Amino acid sequence: MMISIMGCLFPTNEWEDLESDYDHVLNVFGLINLDPGHPSYVGLYRTTDLDETVLTLVETDTLYWCDCDDDECWECDEGQDGYWVVDSIYEPAALIKDASVNVIDDQGNNFELSYVDKITFVDTVYFDTTFTFYGTTITWDTTYYDTNDFRINFYVDTTGSFVPQPETNYDLSISAPGFDPVTGSLMTPSIPNIDSLSQRGRSVDTITANEPFDIHWSQTMGMGLVTGEVIFGNFWEDTSNGDWCGGYFDDFVIDLEDDSQNPYGITAEYCGEEMDTQETLDYFIRLTAMEDNYHEYFITGEMGEYSNALLNYPTTKGRSVGIEGGFGFFGSIASDGLLLKIAP
Amino acid sequence: MFFLRSIKVIIFISLTFLVAQNTSSINGFVRNNANGEPISYANVFISNTSIGAATNRDGYFVISDIPLGEYEVNVSMIGYAVHKEMVELFDGSPVRLEIGMKDQVIEGSEVLVTAERQKFERSIESSQISLDIREINSAPAFIEPDVFRTLQMLPGVQTTSDFSSALYVRGSTPDQNLIMLDGIVVYNPYHLGGIFSTFNTDAIKEADFHAGGFPARHGGRMGAILNVINREGNTNEITGMANISLISSKGLLEGPLPRWRGMKGSWMISGRRTYFDSIVDALKIPMGQKADGTDAYFQFPYFFYDYQVKINLDINQDHRITYSRFYGDDVLDYSWDERESIDNANVDRDTETGFSIKWPWGNRTNGLIWRWIMSPEVVAKTFVSNSRYRFDFDLGFYFRDTYTYADSVTAIFTDVNWRLYDIINDNSIETELTWKATDRHEITGGFQLKSVDFDLGEEVKIATQDTSVIFSPLTLDNKTREISFFIQDRWEFSEKLKFQLGIRGTDYNLHDEFYLDPRLGMKYHYSKDIALKLNWGLYHQFLTTANNQDENLRLVELWLGIPEDKPAAISQHIIGGLEYMSPKNIFYRLELYQKDFDNLLTLKQENQNTMEGGESDTPFNEFWDTRGNSWGVEFLLKKSSGRLNGWVGYTYAETKYFTEPSGWHHPNFDRTHTINVVGNIELTEELEISTALTQSSGNPYTKILGRVYDWEQNLYSDTYWYPLDSYIVGEKNTERYDDYFRIDVGMTRKGGNLFGLEYDTYWQVMNVTKHLNAFSYAYRTKTGMNGDQLGVERRVVPQFPLILTFGVKFDF
């Protein structure tokens, strides 16, 4: 009755579909990564309309059998033995796969990047399907070969010829059918170098969790982002994870050219006087040097233009940093890391 | 006393040089005989002459330069019987009159002296309007009468939605308005996030509203001025009223002070409290058990209350002391806890978890006003006041495990407490001196010393069995001090041409600059019924609010003094107007205004939390420098007397602000066309019908165009970036919601009698036509059966639906 009364009081109000009326542009994620083993790549998309499908199911991948006796398999219905865990793989409708993407260095060398949708790994998967039935042990064929696709949907150098260099100018040129061309440019940063970490004025290879420490680096150009992480053997299974505290700190940015900041004091999260664990863990400190575009896009960043709690999405006016003709950015980083220990 | 006498003597001697010895003056007060309330704008004149004056808000008048002789003083005002009194001026000594006027019902066809006509004839200021309690109550309101809701029906006043009673006046945001109660500033005059104003209408005598172009007497704000004047209290007998509406109960008592050594006075106390929380408590809806094992019941954790006190003490005929106090709080108080016990062979474990929110916010004002009639022509008023606004949000969690062994007890606990607060403490002293120097000049001057402590902060407390930590991620406290001087001259150059010239100077302690605000007003009486007005002025402001400019619903305001590195905000007002008072006392006004704003501060939104150089950005001290302008045309037709009364208003307005990221844009309160009709008709002596209609352009909003990937980074041991699906928004606030339309209807039935107690019943229906007015849009992405993310759809988030309310008001 209450609902009926409320229905009478409120005016009719229906959901309405929205349409777009604007010119699409290319949307670029271009990164030149100087870290060994980390690829440089360009992700290429377009802006989408409000009335179009933006994420489409492209395939499903069977991952593993989840046995209902296992506590982690919590989706079991009553009486059910188990179920296959399937990964649904979606692809953005905004992906541009047929563009010509080139990176040109300041020597005029042209590197053409090719679209790669996925990298395929072949895993040997063992399922323990041995069971006992009225005293008889039955062992089934338990070895399967599973293809594990890691979708990347990026433009990468597939020839191995593109080896980015520090302090070098690179231009980006993108041409995609139906869109205005996009160009970009940047100068890669210098390779940063962490000289040492010190605590109580002495260089250390083990950090005491409850005391501040200093990071020392070699002076170079640009800005650097300092991050730190306590590394557990296995985050989910390592029981020390739950007992550990201290050592964490918020990312912060330093001016690598400013020697007055060197060394820089880090006051990590303070821990209680006593920690349950006495285990010493790995502690990884990374210094990531950023060129200007990267710094502007990810650090100084855009202030939000408009907010509405009912939008359910973040908003942007469309950012272009280091590129022209589209949205997105073209940036570069180079990192140095130091693996040491942290003690309670 | 010697000091006061000396000043008085000096002024008297000075004045005797200015005033001829063969003339004298008549001054005094005009009050309602029934309750002693002063009558403003009563017409006091000497019969068979053109010599006269109108009473001011205190009911005070002075007629100077009257040749010696015997005269009949004639006092008239609509609603009262004409008062006539013989006065003899036999030497230069002024004559003081205490005039009491008797209520009288007057037929509508009679030619009347109305307050409207007196105001029309006297006022030089543009854009000023006074609403008496009858007019405030005449507009149907949300559940109960509300002075702010009534003001929203006036031309030039806009709002963001039905859910807000905040006043957006001619392009100014609510923080640019100076809201006062009996002359004492109130910082956040709202209850329930702005749905109700904090002023209880039962206690109000009248509300004086300046939409712009206000004189040098007022400063420190650059939008509008609203001074809500409370009733003084009945000087004759103890009376009262009670009002019960759907959400609250209100009560008022007033009466005379006991006379002592020639001193007399009056008092008034009123209060209000919502009671939905008490009703829910009384229903005892079960909600399990508390930690202590007792039964838990559903709580409605919110209520608001306020009370007002006013005491007037007339020490003698020249000195009056008034004490005024207001206290109003919204309180959100909720707590929940749970307890679990597990008994084992070796150890018993008790686990307690809990959660609490304590959130009081509101205002408290205390003021002492000393009015001193130094001579008939010189009146001094001194205000000493304190105004405190407090917003204090306190969120707490706790977890406690107690292990009881055979020979020992061990406790492990964690208490986490998060507090966000904004406390303003405003201490002011100000004096104004009004000197009717000659028939043509009335000079007002004074000073104000205002000291304001702003304390905005965030505090986190974490306590465990081993340690406790307290840290403050945000601390923004500043102490500001404004010293202001002003002088203004109301100059009647001729019967037709009048000026009001003034200047206000302010020293702000955080800045080196001395700020000067010149104000000019001019009025030309084309005829007895038609006047042209022109006002110009500069207005500086030394405080701002740190709120998101796009928010539709403003629960609280976070106030800050203008910091050292930011200039004071400034606005220029230019207002031209044409006024016509018809012989039947219907007031017509057409005004054209233009306002410029500079040095406004707009809070930056969604500030990133990345620390750069070790310094943390906070969302409360990062602003975009903003400038803006507004202009508009307003028309008002107002009929204040007769069985049919009310007003019709039309506004054409355009407001634009400029910030670096958004360029020039309309703020979200900007409505281009607005028509307001407020009508009240007395069908019979017992039955009154009122209605209010508003039709306006929709408020602006920012349209979403499409979707795009933005990227975020997460750089730890593995470097990676992830896309963030975002809406691309168009130019800021270039779209508008559909037109707003609402009709409210109210009915009051008077003259009920219950066991000898008189009562009125009232019914109100809001949004009679159930018009769908958009508060905002809600958006969602449609998802297909297989998980595909399809297009985007939206739905209107509605404002008020049809709402029926009723209440009863008792008089005793």
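Which residue is the bridge partner of Arg589(B) in strand 37 of chain B? In this predicted model, the partner is Leu636(B). The report below sets that pair in its context.

## Overall form of chain B

Chain B contains five helices and 50 strands. Its C-alpha atoms occupy a box of roughly 105 × 60 × 60 Å along the principal axes. For 812 residues, a compact globule would have a radius of gyration near 28 Å, and the 30 Å of chain B agrees with this.

Of the 812 residues in chain B, 41% count as buried. Among contacts with a separation of 6 or more in this chain, 63% involve residues 24 or more positions apart.

Strand 37 of chain B, spanning residues 623-639, pairs with strand 35, spanning residues 586-603, in the antiparallel sense. This pairing extends over 16 bridges, and the bridge between Arg589(B) and Leu636(B) involves strand 37.

Strand 37 of chain B also pairs with strand 38 (residues 644-659), again in the antiparallel sense, over 13 bridges. Here Trp631(B) stands opposite Glu654(B) of strand 38. The two strands form a hairpin with four residues between them. Within the turn, Gly642(B) has a positive phi of about 95 degrees.

## An open mixed sheet in chain B

Five strands of chain B form an open sheet with mixed pairing, in the order 8-15-16-11-12. Strand 8 (128-132) and strand 12 (184-185) stand at the edges; each has a single partner strand, so one side of each is left without a neighbour in the sheet.

Inside this order, strand 11 (residues 178-181) and strand 16 (residues 225-230) of chain B run parallel and are joined by four bridges. Met180(B) has Asn227(B) in strand 16 as its bridge partner.

## Helix 3 of chain A and its surroundings

Helix 3 of chain A covers residues 292-300, and its buried residues are Asn293(A), Tyr294(A), His295(A), Tyr297(A) and Phe298(A). Gly301(A) follows the helix and has a positive phi, near 60 degrees.

Which strands do the buried residues of helix 3 of chain A pack against? In chain A, they pack against strand 13 (182-187), strand 18 (223-231), strand 21 (281-290), strand 23 (320-321) and strand 25 (326-343). They also pack against strand 43 (704-715) of chain B.

Conventions: Residues numbered from 1 in each chain as written. Chains lettered and ligands numbered in written order. Predicted model: local features only at pLDDT ≥ 70, side-chain atom pairs only at ≥ 80, totals over all residues. Rg over C-alpha atoms; globule rule 2.2 N^0.38 Å. Buried ≥ 20, exposed ≤ 12 C-beta atoms within 10 Å, placed from the backbone. Contact = placed C-beta atoms within 7 Å. Pairing = 2+ DSSP bridges.
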